[in-house]
Amino acid sequence: MRSLDKHITDLVEQTGFVDTHEHLIEESTRLSGKIDVRLMPCNDWAYLFAIYAKDDLAVAGMPQADLRKFLSPEVSTDCKYELVKPYWNRIKDTGYAQALRYTFRGLYGVADLTEETVHQIAEKYIETLQPGFYAAILRRAKIDYCQVNSAERIFMETAQPNILAQDLDVIDFCRCAKLDFARVNAETGKEPTTLEAWLEIVDQYFDAFGPKAVAIKCLIAYSRRLMFSPVDEARASRLFARHSTNGVNPLSSGELTALQDFLFRYCVRKATAYGLPVKLHTGYLAGSGSMQLARVRDNAADLCDLLQDFPDTQFVLMHIGYPFEKEFIALAKQYANVRIDMCWAWIISPIASVRFLKEFLLAVPANKLFTFGGDHYAVEAIYGHACIARRGIGQAISELVSEGWIERQEAPEIIEAIMRGNALRFFPNGPA
Ligand SMILES: [Zn+2]
């Protein structure tokens, strides 16, 4: 605690976050208790591990079969604890697990997951699930409001627009995977076989939700490089027609990339017309055992053409591009249309995030940074993540002051900007 400045850490503790990235399912979905492999594989305390901490458990050696059992419904608390116990001890200092421990402490009143506390955690998990618990937990985490990239809908017409602003997720419009067509079909009842009909659907989504969304969001970096070449509509139209004929003369991977290029650029133009920033996943990939690091490494360099081709579009590059975050500092420094979002980064690597924040503030104008998004499905997990982020922000600013890089009296303005003010000023259509 040597270099922490109490005045600064107190200020960070008191300042509200605008939370720029979550995947929160609707509170009513949580309260329904409806089990869904993707959204809610179980509805007990193990659910808090279902995003992220489970990946640390897997790479720490927990067998997949045990992990599946741990995250499945109708397995007793005692049995789940026995399954996780040996691996919890291995992961408990990672950002993912430290954030969970902050949640256990702050929301459930226990310092750690142990044989003695696991039943209290299990009971508190259930007790917490009351109407209004989203707002209550966000209040305790001092979060003004969240920007949600819904896992349930392309655009979620939320029951709580005052605390859950929404992104329009364009992955289903431009990736062209089977599941994307299935999702569009499920929401619209349409099965377009021509590019023209497909773009009409995209236009309808923008017409309906563009005026309500805070941004568009795309996680296409999970499946391809972030280099998007210009492709003319006639070629895209031929590719789309072939792609939609289900296996007859399938597209090569290069042809699929070209079709995605066209569709992604189309969505970027639509977003710009509606004044919506473009949020892009960059950097580390969630999960385990699948990341191609060479592709991730090229994210920042790959983006340069896009940033130059769309100078009037505002881009938000998410997750600091970890572990290549220095390159994202360079992008934000070079391009007026780039903002960096530290969402998720604090729990991937707390120390890299502290370092990043210090480097960023001395290299890039302070208006170009958003410092918090939990990137969670479960609201309880956001609480712990926000604790880690506040701790890291307090440390970074304290160190910059103690090292003489910034004046102590500058700190309040910087803290207000990076935690909330920048986001309040930048994003359209925030909550009323
Ligand atoms: Zn996310």
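Two residues are in contact here if their C-beta atoms, placed from the backbone, lie within 7 Å. Hi everyone, please keep that in mind. What we have is a predicted model, where local features need pLDDT of at least 70, side-chain atom pairs count only at pLDDT 80 or more, and totals for chains, interfaces and linings use all residues. Residues are numbered from 1 along each chain as its sequence is written.

Let's start with the domains. The domain assignment, which is automatic or from a database, gives domain 1 (35-128) and domain 2 (133-426). Their centres, taken over C-alpha atoms, are 28 Å apart. Across the boundary, 18 residues of domain 1 are in contact with 23 residues of domain 2.

Which helix gives the largest share of the domain 1 side? Helix 6 does, with nine residues. Helices here are DSSP runs (H or I, at least four residues), numbered from the N terminus. Helix 3 (53-59) and helix 6 (95-108) each supply at least two residues of that side. By class, the side has twelve nonpolar residues, five polar and one charged. Nonpolar means Ala, Val, Leu, Ile, Met, Phe, Trp, Tyr, Cys and Pro; charged means Asp, Glu, Lys and Arg; the others, Gly among them, are polar.

Now, the partner of helix 6. Helix 6 packs with helix 19 (residues 379-402) at about 110 degrees, their axes 7 Å apart. Axes are lines fitted to C-alpha atoms over the stretch in contact, and angles run from 0 to 180 degrees between N-to-C directions. The two helices are therefore roughly perpendicular, the word for 65 to 115 degrees.

How values were computed. Angles under 35 degrees count as roughly parallel, over 145 as roughly antiparallel, 65 to 115 as roughly perpendicular and the rest as oblique.
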